Amino acid sequence: MSTDVSAWSQSEDVKMTRKTALSIAATVLVAALALALPRLVTDYVLSAILVPFLALALAAIGQNLVTGYAGQLSVGSAAFMSVGAFAAYDLHLHVPSIPLLVSFAFGGFIAAVTGALFGLPSLRIRGFYLVASTLAAQFFIEWLFTKVGWFSGNSASGVIMAPPLVVAGLDFSSPGGHYWLSLLVVVPLAILGRNLVQGRVGRAWMAVRDMEIAAAIVGVPTRRAKLLAFAIGSFYCGVAGALWAFAYLGTVEPHGFDLDRSFQILFIAILGGLGSVVGPFLGAAFVVLFPIALDNVAGGALGSVVDPGLLENVEKIIFGSLVILFLVKQPAGLARLAAIAWTRLCRVALRE
Amino acid sequence: MHHSRIALLSLASIALLTACRPQNEGTSTDKVSSATVPGSGPAATPKSEGKTQYFPLQSYRVGPYAAGGTGFFGGFIDYMQLVNTRDSGVNGVKLTWSECETEYVVERGVECYERLKGGLDGAPAAAMNPLSVGIAYALIDRATTDKIPLITINHGRTDSTDGRVFPYIFPLVLNPYSEASAIVNYIGQREGGTDHLHGKKIVVLYHGSPYGKETIPIIDLLAKNLGFVATQIEVPHPGSEQQSQWLQIRQIKPDWVILRGWGIMNPVALKSAAKIGFPADHVIGNVWSNSEEDVTPAGAAGTGYVSVTTHPSGRDFDVIKDIEKFVVAPGKGNLQDPKRFGSVYYNLGVVNGILNVEAVRVAQRKYGKRPLTGEEVRWGFEHIDVDDARLKELGALGLMQPIKLSCTDHEGGGAVRFQQWDGKQWKVVSDWVRSDRALLRPIIEESSLKYAKEKGLTPRDCEAEARL
């Protein structure tokens with residue numbers, strides 16, 4: 001009996017070790033690819049596809065912390081992005097000597113404070129009512145930045161321009177630089193987010209999400225957990241907004257962060273998989289890369305035969321249908337799909 | 001487990017990336033069209049190595065501003081088509097182009113810019129024409145770094161008129177400040193002289209976008225100088241809902257309303273004006289509120305409405321007749337709806353085509369009859385000098401004003417005419433009304449020099465460049 005158990009656990013140990021080795025190998029491979037990408041792809045892919053992909057993935061992580069982990073429905077992510085972008089810009093405008101990453105962090109911090117403020121209603125209301133109150137954040141903040149010229153440095157058109165992208169004396173203004181800067185910001189924050197949700201804070205969030213009353217009874221500080229979720233989620237959105245404005249577009253106006261953007265981020269989080277840190281990357285890949293790839297392919301195949309306007313509408317229909325198909329087939333999102341694929345891969349790889 | 005997920009995610013995204021990679025290396029799967037082989041597939045795209053000049057088109061044919069996009073790019077493409085068929089290109093250099101849909105959305109415009117800027121099949125990009133202030137703003141740094149002229153005809157960032165600070169940006173023909181100033185001058189004329197403006201109430205109803213907001217400071221300044229009371233009211237994008245704004249206008253009881261609209265916002269404004277009983281002939285539309293598509297949906301509410309134009313609509317110009325003969329009649333026209341031929345947006349596209357092609361032609365005089373780089377075409381733009389004689393040669397006499405650009409002046413025109421909608425078509429009702437360019441220039445320079453300081457740029461020395 002006892003030998004059986006030890007034999008079982010031994011073989012299980014071997015399997016675990018192999019699985020860990022496989023994970024490490026895959027991680028190394030991904031890291032190597034991420035580092036080698038600037039040499040492999042054109043400037044177009046770097047600056048027009050990968051940078052927005054990273055920025056939106058980061059915003060969707062923020063959304064996921066609030067919605068996927070803490071279970072609080074919010075549609076104000078784009079507003080918190082704009083708070084981050086404008087705060088970072090304003091800090092730079094008034095204190096020009098400030099290091100770029102500090103102003104990014106400042107943008108995130110102000111967004112966190114704003115997020116916690118607009119998260120206050122979550123202490124009393126939930127579900128669709130909370131959606132309505134976060135919607136207020138979306139409209140109020142957009143209105144504020146449009147109406148009060150001070151936030152955009154009193155520029156006539158309300159458009160703000162990026163500060164010079166220099167970190168520690170290194171110039172990040174080339175397309176490759178934009179990518180490195182985004183990677184430098186997004187990867188540590190993603191790892192931090194993963195650790196956060198696996199720790200005490202994350203468990204508190206999930207307890208609140210799964211059953212708030214039960215969580216409160218077992219002693220989870222539910223109010224603190226909810227406000228913290230809004231604050232940290234908005235911090236991520238704020239930093240993502242600064243990246244979007246400065247590393248990607250180089251300029252931004254308040255309307256660049258409208259309700260459509262909030263929905264886009266929410267959809268990235270849902271499509272990628274709620275309650276997952278990897279999901280936002282998959283979702284962003286789908287939402288950002290797929291339409292562009294489709295446009296390139298369709299344009300190549302039919303561009304000169306079919307009216308471009310008609311083609312564009314057909315592409316939208318295809319994209320929409322795929323979204324529906326995905327959600328019907330796998331409601332838990334792309335992250336679950338990837339996890340299943342990974343398990344199968346492991347099974348095949350570990351078969352003796 | 002999470003390591004593994006990260007691994008898979010990145011693998012998936014890289015797979016997607018490689019899937020769309022080949023398009024960026026010049027094998028061109030973009031929406032290609034070329035006049036030499038109209039309507040043919042990309043396989044039949046002519047080998048353009050060394051013999052064609054490329055115009056990347058960041059167009060928009062869907063979304064709330066599709067009417068502007070299809071008309072403008074229709075006219076632009078048809079004019080290039082004409083140059084190819086009638087003249088066999090510019091001094092033998094054929095024009096080619098491809099489109100990328102932006103939907104007037106900034107980040108899509110940026111993506112399109114990056115996709116198209118490298119040229120097409122070895123044909124270098126001549127100039128960018130995104131027809132969107134938001135996109136143009138986002139491209140200022142990029143176009144300057146990449147040395148590709150960024151053309152914002154009749155719109156754009158006003159202080160980019162100062163070519164010393166913005167070497168690659170061209171708010172051709174009419175920048176927003178000139179436009180606002182000309183409109184105020186015209187209202188002055190209608191009141192019997194600008195000194196009669198004192199104490200008048202003028203409401204500016206503007207589109208909630210960088211384009212709409214661009215003129216806020218200059219209107220305030222003109223109000224201060226001329227003594228009228230200006231109230232500027234924003235209509236949020238896209239502008240299909242304006243009840244509260246017009247309620248406010250009814251309370252103010254202004255003498256004039258300046259409509260700084262775009263797309264759907266314009267007919268809604270006219271209808272709302274009619275609803276509160278505000279006379280249409282006291283609503284003055286700006287240059288993006290002046291098309292047939294802006295008034296027709298408003299029906300009777302649009303009759304009497306007055307707007308700015310830099311170019312009359314209609315087909316009674318030699319160049320438009322030539323397009324009809326060489327392009328539209330053989331079935332190569334770009335417009336889906338033939339009724340829109342000769343409309344305001346279409347003719348603006350033609351004017352824009354004329355100026356872009358003229359820049360290439362001027363630059364060829366200096367650099368040789370070959371495809372030119374963006375930097376060379378920039379020189380061409382800065383040396384455009386289209387006088388009445390040249391306008392006659394181009395078949396555009398009466399369609400556009402004479403225009404002369406330079407290193408310091410990237411606008412060149414600055415005059416407008418006014419047209420009135422009679423229920424069926426636009427009738428030109430004024431002579432050329434000049435803007436107060438002498439008043440505007442110091443403001444423009446103040447703003448551009450401030451920008452230069454913020455960005456750490458040294459303005460060009462135009463006199464030294466001219467001596468070279």
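Trainee: Before we start, what should I know about the model and numbering?
Mentor: It is a predicted model, where local features need pLDDT of at least 70 and side-chain atom pairs count only at pLDDT 80 or more, while totals for chains, interfaces and linings use all residues. Residues are numbered from 1 along each chain as its sequence is written, and chains are lettered from A and ligands numbered from 1 in the order in which they are written.

Trainee: Now packing. At what angle do α2(B) and α12(B) pack?
Mentor: Helix α2 (residues 66-87) of chain B meets helix α12 (residues 344-367) of chain B at about 45°, with axes 7 Å apart. Axes are lines fitted to C-alpha atoms, for helices over the stretch in contact, and angles run from 0 to 180 degrees between N-to-C directions.

Trainee: So what do we call that arrangement of α2(B) and α12(B)?
Mentor: α2(B) and α12(B) are therefore oblique to each other: angles under 35 degrees count as roughly parallel, over 145 as roughly antiparallel, 65 to 115 as roughly perpendicular and the rest as oblique.

Trainee: Switching to chain A, how do α3(A) and α5(A) lie?
Mentor: Helix α3 (residues 77-94) of chain A and helix α5 (residues 128-147) of chain A pack at about 30°, with axes 8 Å apart. α3(A) and α5(A) are therefore roughly parallel.

Trainee: Is V110(B) buried or exposed?
Mentor: V110(B) is buried, because 25 other C-beta atoms lie within 10 Å. V110(B) sits in helix α3 (residues 106-116) of chain B.

Trainee: What does V110(B) touch?
Mentor: Not counting residues up to four places away in sequence, V110(B) touches A48(A), L249(A), A138(B) and L139(B). Contact means C-beta atoms, placed from the backbone, within 7 Å. V110(B) and A138(B) are 28 residues apart in sequence and 7.1 Å apart in space, C-alpha to C-alpha.

Trainee: Last one: how many residues has the largest nonpolar core?
Mentor: That core has 241 residues, and A55(A), L58(A), L243(A) and L150(B) have the most contacts inside it. Its largest share, 20 residues, comes from helix α9 (residues 222-249) of chain A. A nonpolar core is a set of buried Ala, Val, Leu, Ile, Met, Phe, Trp, Tyr and Cys residues joined through C-beta atoms within 7 Å.

Notes:
Helices (H or I, at least four residues) and strands (E, at least two) are DSSP runs, numbered from the N terminus. A residue is buried if 20 or more other C-beta atoms lie within 10 Å of its own, exposed if 12 or fewer, and partly exposed in between; C-beta atoms are placed from the backbone. Two residues are in contact if their C-beta atoms, placed from the backbone, lie within 7 Å.
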